Amino acid sequence: MSRYFEMQIAISNFRPARKKKIVAACLREWNFGKFHEGKKDGKDVLWSVGESVLCGGESEDEFAERLAGEVWKANGAFCRVEVTATYLEDMPCEVHVKDKVDYEEWLTTAA
């Protein structure tokens, strides 16, 4: 069974010379978008977000462990890997329905 997730990754204390290898490793593991660089708590951070599915019963924790291993391998040393998993299939939501009364009220205020 597959489950649809948004995964965010933030990598800090990485070797700048290994950035391309780290990005390539992440992209092999998940459908991340463009990677960005920035600062967090005064440290360089490489980060991205992407949506895809976890398959084969893999949990978010197992995915994060697997992804961190690939990042560490690509970096050639320890670096901090933070993965934020958001389950997208059953998120809380609010439905806003605007009916004819709302439309008529809008007409009087928009005029």
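This is a predicted model: local features need pLDDT of at least 70, side-chain atom pairs count only at pLDDT 80 or more; totals for chains, interfaces and linings use all residues.
Residues are numbered from 1 along each chain as its sequence is written, and side-chain values use heavy atoms, with hydrogens and water left out. Local features need pLDDT of at least 70 and side-chain atom pairs count only at pLDDT 80 or more, while totals for chains, interfaces and linings use all residues.

Helix 1 (residues 19-29) packs against helix 2 (residues 60-75) at an angle of about 150°, and their axes are 8 Å apart. Helix 1 is therefore roughly antiparallel to helix 2 (a term for angles over 145 degrees). The crossing of helix 2 by helix 1 is right-handed. On the helix 1 side, the contact (heavy atoms within 4.5 Å) is formed by Lys21, Ile22, Ala25, Cys26 and Glu29. Helix 2 contributes Phe63, Arg66, Leu67, Glu70, Val71, Ala74 and Asn75. Of the residues in this contact, seven are nonpolar, one is polar and four are charged.

The largest pocket holds about 150 Å³ of space. A pocket here is an open set of points on a 1 Å grid where a 1.4 Å probe fits, with protein on both sides within 12 Å along at least five of seven lines; lining residues have an atom within 4 Å of a point. The lining consists of Ala10, Ile11, Ser12, Asn13, Lys40, Asp41, Lys43, Val45, Arg80 and Glu82. At least two lining residues come from each of strand 1 (3-12), strand 3 (43-54) and strand 4 (80-87). Strand 1 provides the largest share, three residues. By class, the lining comprises three nonpolar, two polar and five charged residues.

Note on methods: Axes are lines fitted to C-alpha atoms, for helices over the stretch in contact, and angles run from 0 to 180 degrees between N-to-C directions. Helices (H or I, at least four residues) and strands (E, at least two) are DSSP runs, numbered from the N terminus. Angles under 35 degrees count as roughly parallel, over 145 as roughly antiparallel, 65 to 115 as roughly perpendicular and the rest as oblique. A crossing is left-handed if the near helix is turned anticlockwise from the far one by less than a right angle, and right-handed if clockwise. Ala, Val, Leu, Ile, Met, Phe, Trp, Tyr, Cys and Pro count as nonpolar, Asp, Glu, Lys and Arg as charged, and the others, Gly among them, as polar. Grid points are joined across faces, edges and corners, and a volume is the space filled by probe spheres set on the points.
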